[in-house]
Amino acid sequence: MASSKRKKKNMITLLSLCAVLVLLIVVYFAASKWKEGPKEDEGDDEPGVQLAAVATADIAEIKIESDLYSYTVEAKENQWVLKEDEEFPLATGLIDTMAEKLENFEPTKLVLAGASDLSEYGLSDPVLKLIVTKKDQEKITLCLGDLSSADGGYYVCTEGSSDVYLVEAEVRNAFYFSEHELIQLDTVPTFASENAAGLKVVSDTYDSFTIKDSTNDLKDLTAMALYTLALYDKYEVPVRVDLTNFATMMEPYTAIQLGEIVAYHEADAATYGLSAPKTALTVWYEETDGEEKNKKEFTLYFGDFTEEKSEIYVRKEGSNQIFKMAAETANTLLNPDTFSAISRYTQMVNITSISGLTLQYDSAERVFTMTHETQTLENGSTTTDDYFTVDGKELNEEESELFRDLYQVIIGLQIKAELAEGAELGENAVLSLTFYENGSAEAMHTVRYLPIVGNKEYYAIEENGVCLFMAEAAQVDEALKQIKEYQP
């Protein structure tokens, strides 16, 4: 009998302990839920609710109030403009995206219908509020609050409603911009340096010059279109430009950064010295469209320096946007080493384009003549045979090859530096060359190497009567030595 009573007492104790355990579990989960905040409705992932459904054509204006930047854009004459500041360079593509979102502003889920405290979701004083005014004056106001740590979206409600929904982060971010992010900043086109086609600087501070196509001004001595550009305005005559050297010089122009924007109103130009700028930079380049090459260009204007002289104000042609460019960058663009781009050869004359070459040195004269006979082959192609004479002697095939080697030495003489202003030149040339074009008895191209008084390292180069550059005396002397020793 006593054993039966003990079993009953143990059973009661066990049940009591189980009840206490269940109670503790209930309390634990209740406390956990209380810490997590309001319970979200997990049973309605697709509420089928449109918080806004406004056709883009019906929008009169979109007003954004946020902790980043508050602004209003309006639809005016089929384009978006910033209200009360139509000159603002608005990134209209961003506004187009906003309008797209408003056509079907549908949340991903209902969080809680009839929330008693919107502040728990950041919706009582939202950091982002959208006010859409339709052309019929109907207004729709959407409030976006805190980020949901559980779902990664943002809480949203319509103004005047306590129903809380969730919207994807990319929807909220389509409206959340700073003033700077709303600006459609000017950019300078980018291109490969080998596609550069020309450069021009006009300035009263820097040296003005132009590098451009010269095919209508300078004869193609190479007969291979190797030097189609020339440097103008730098010297008294145009000077041929080497395309490879030019591409290297143009590398700083291929991706120009304008710097920080400081103004964008037309009236601001005078403040920064850009209403009538005295310095301009123009770049020409080529773009390939399929097999067709199109010539493009852009121009930048340079105004006043900042007070510290560390930056200069600049704007792009056709735009009111004004930027601060580093003075060092501007100097690189406006004061390039144009000498580095010019062709180093003053007499790169193709042997097939001339009928004769006369060399003079000391009291001697050498006369080389060339005859070119072209034949048409059976397949329609042509071939040309070249025949040479040296001082009246006809050369055989082996002698002709040796003459070609000498000719390469002659036309390979190079410019080394600019001739110093005021340099005194000797009257008697160390070496004179006269090239005669096919079919003409008149000189096509003349070059003379003249001594420089007080300078044994260089000779002045007189090309077609103009002295601009110098050649190393050692190179010219070596070429002259080979000319003197050449006896076929």
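What percentage of the 488 residues of the chain count as buried? The share is 42%, where buried means under 20% relative accessible area, exposed means over 50%, and partly exposed is in between (1.4 Å probe, protein chains only). This is a predicted model, in which local features need pLDDT of at least 70, side-chain atom pairs count only at pLDDT 80 or more, and totals for chains, interfaces and linings use all residues. Residues are numbered from 1 along each chain as its sequence is written, and side-chain values use heavy atoms, with hydrogens and water left out.

## Overall shape

The chain has 7 helices and 26 strands. Helices (H or I, at least four residues) and strands (E, at least two) are DSSP runs, numbered from the N terminus. The radius of gyration is 41 Å, well over the 23 Å that the globule rule gives for 488 residues, so the chain is more spread out than a compact globule. That radius is taken over C-alpha atoms, and the globule rule is 2.2 Å times the number of residues to the power 0.38. Along its principal axes the C-alpha trace spans about 145 × 70 × 55 Å.

The accessible surface comes to about 27,100 Å². Carbon and sulfur atoms hold 47% of this surface. Accessible areas come from the Shrake-Rupley method with a 1.4 Å probe; for residues, only the protein chains shown count as cover. Contact means heavy atoms within 4.5 Å. Among contacts between residues at least 6 apart in sequence, 59% join residues at least 24 apart.

An open sheet of 9 strands runs in the order 12-11-10-9-14-15-16-17-13, with antiparallel pairing. Two strands pair if DSSP finds at least two bridges between them. Strand 12 (239-241) and strand 13 (260-263) are the edge strands, and each pairs on one side only. Neighbouring strands of this sheet are turned by 30° against each other on average, direction ignored. Axes are lines fitted to C-alpha atoms, for helices over the stretch in contact, and angles run from 0 to 180 degrees between N-to-C directions.

Helix 5 (residues 327-334) packs on the sheet. The helix touches strand 9 (196-202), strand 14 (279-289), strand 15 (292-305), strand 16 and strand 17. Its direction makes about 85° with that of strand 17.

## Antiparallel pairs and hairpins

| Strands | Bridges | Residues paired |
|---|---|---|
| Strand 16 (residues 311-316) and strand 17 (residues 322-326) | 5 bridges | Y313 and K324 |
| Strand 5 (residues 128-134) and strand 6 (residues 139-147) | 6 bridges | I131 and T141 |

Strand 5 and strand 6 form a hairpin with 4 residues between the strands. There, Q137 takes a positive phi near 75°. The hairpin of strand 6 and strand 7 has 6 residues between them. In its turn, G152 has a positive phi of about 80°.

## Aromatic pairs

The structure holds 13 aromatic pairs. Rings of Phe, Tyr and Trp (its six-membered ring) pair if their centres lie within 6.5 Å; planes under 30 degrees apart count as stacked, over 60 as edge-to-face and the rest as tilted.

The rings of Y235 and F469 have their centres 5.2 Å apart and their planes at 75°, so this pair is edge-to-face. The pair links distant parts of the chain, 234 residues apart. Y235 sits in the loop between strand 11 (229-232) and strand 12, and F469 in strand 26 (residues 466-472). Both Y235 and F469 are buried.

F368 and F403 are also edge-to-face, because their ring centres are 5.1 Å apart and their planes are at 80°. F368 lies in strand 19 (residues 364-376) and F403 in helix 6 (residues 397-411), 35 residues apart. Both F368 and F403 are buried. F368, F388, F403, Y407 and Y486 form one aromatic cluster.

## Single residues

Where does T434 lie? T434 is in strand 23 (residues 431-437). T434 is buried, at 18% relative accessible area. Not counting residues up to four places away in sequence, T434 touches G356, L357, T358, A443, H445 and T446.

E77 is found in the loop between strand 2 (71-76) and strand 3 (79-82), and N78 lies in that loop too. Phi of E77 is near 50°, a positive value in a residue other than glycine. N78 is not a glycine either, and has a positive phi of about 65°. E77 is exposed at 70% relative accessibility. N78 is exposed at 86%.
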